[in-house]
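User: Hi! Could you walk me through some of the packing in this one?
Analyst: Happy to, let's have a look together.

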Amino acid sequence: QVQLVESGGGLVQAGGSLRLSCAASGGTFSMYFMGWFRQAPGKEREFVAAIRWSTGVTTYADSVKGRFTISRDNAKNTVYLQMNSLKPEDTAVYYCAARKLTMTQFDYWGQGTPVTVSS
């Protein structure tokens, strides 16, 4: 059973940086896409970034492009989201997710880690 555990959230001032981590276990992740999503209070969950584990190819939401970087560490089975130049509108609970290459939806989710950006 795939398990995803996020960490690294917290409170940061606008313009600051945070790095989120997602420790993954229970799967052969070379056959997965890994993603980060976020949900702000009163809003729907939205896509932030994704990476194909085997190739390292990445994709980003327009709202974070140039500020956030998704990466993975094969040895640690961990996915990261480096967030720079944070804005108050980045405040949300951030979720790590995984989906098999053969699937169309992310079907494994972590518990989320909150990020608050103060102005």
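User: Which residues does Met83 touch, leaving out those up to four places away in sequence?
Analyst: This is a predicted model, and in it Met83 touches Gly16, Ser17, Leu18, Leu20, Arg67, Phe68, Tyr94 and Val115.

User: And which members of the largest nonpolar core touch the most other members?
Analyst: That core has 32 residues, and Leu4, Met34, Trp36, Leu81, Met83 and Tyr94 are the ones that touch the most other members.

User: Which elements give two or more residues to this core?
Analyst: Those are strands E3 (18-25), E4 (32-39), E5 (46-52), E7 (68-73), E8 (78-83), E9 (92-100) and E11 (113-118).

User: Switching to Phe37: where is Phe37 placed, and is Phe37 buried or exposed?
Analyst: Phe37 sits in strand E4. Its relative accessible area is 11%, so Phe37 counts as buried, the cut-off being under 20%.

User: What is Phe37 in contact with, beyond its neighbours within four places in sequence?
Analyst: The contacts are Arg45, Glu46, Phe47, Val48, Val93, Tyr94, Tyr95, Ala97, Phe106 and Trp109. As for Val48, its C-alpha atom is 5.0 Å from that of Phe37, although 11 residues separate the two along the chain.

User: Now Asp90. Where is Asp90, and is Asp90 buried or exposed?
Analyst: You'll find Asp90 in the loop between E8 and E9. Asp90 is buried, with a relative accessible area of 1%.

User: Which side chain does Asp90 have a polar contact with?
Analyst: The side chain of Arg67, at 2.8 Å. Setting aside residues up to four places away in sequence, Asp90 also touches Arg38, Phe68, Ser85, Val115 and Val117.

Key: Residues are numbered from 1 along each chain as its sequence is written. This is a predicted model: local features need pLDDT of at least 70, side-chain atom pairs count only at pLDDT 80 or more; totals for chains, interfaces and linings use all residues. Side-chain values use heavy atoms; hydrogens and water are left out. A nonpolar core is a set of buried Ala, Val, Leu, Ile, Met, Phe, Trp, Tyr and Cys residues joined through side-chain atoms within 4.5 Å. Buried means under 20% relative accessible area, exposed over 50%, partly exposed in between (1.4 Å probe, protein chains only). Helices (H or I, at least four residues) and strands (E, at least two) are DSSP runs, numbered from the N terminus. Contact means heavy atoms within 4.5 Å. A polar contact is a pair of N or O atoms within 3.5 Å; within protein, one must be able to donate a hydrogen and the other to accept it, and residues adjacent in sequence count only if both atoms are side-chain atoms.
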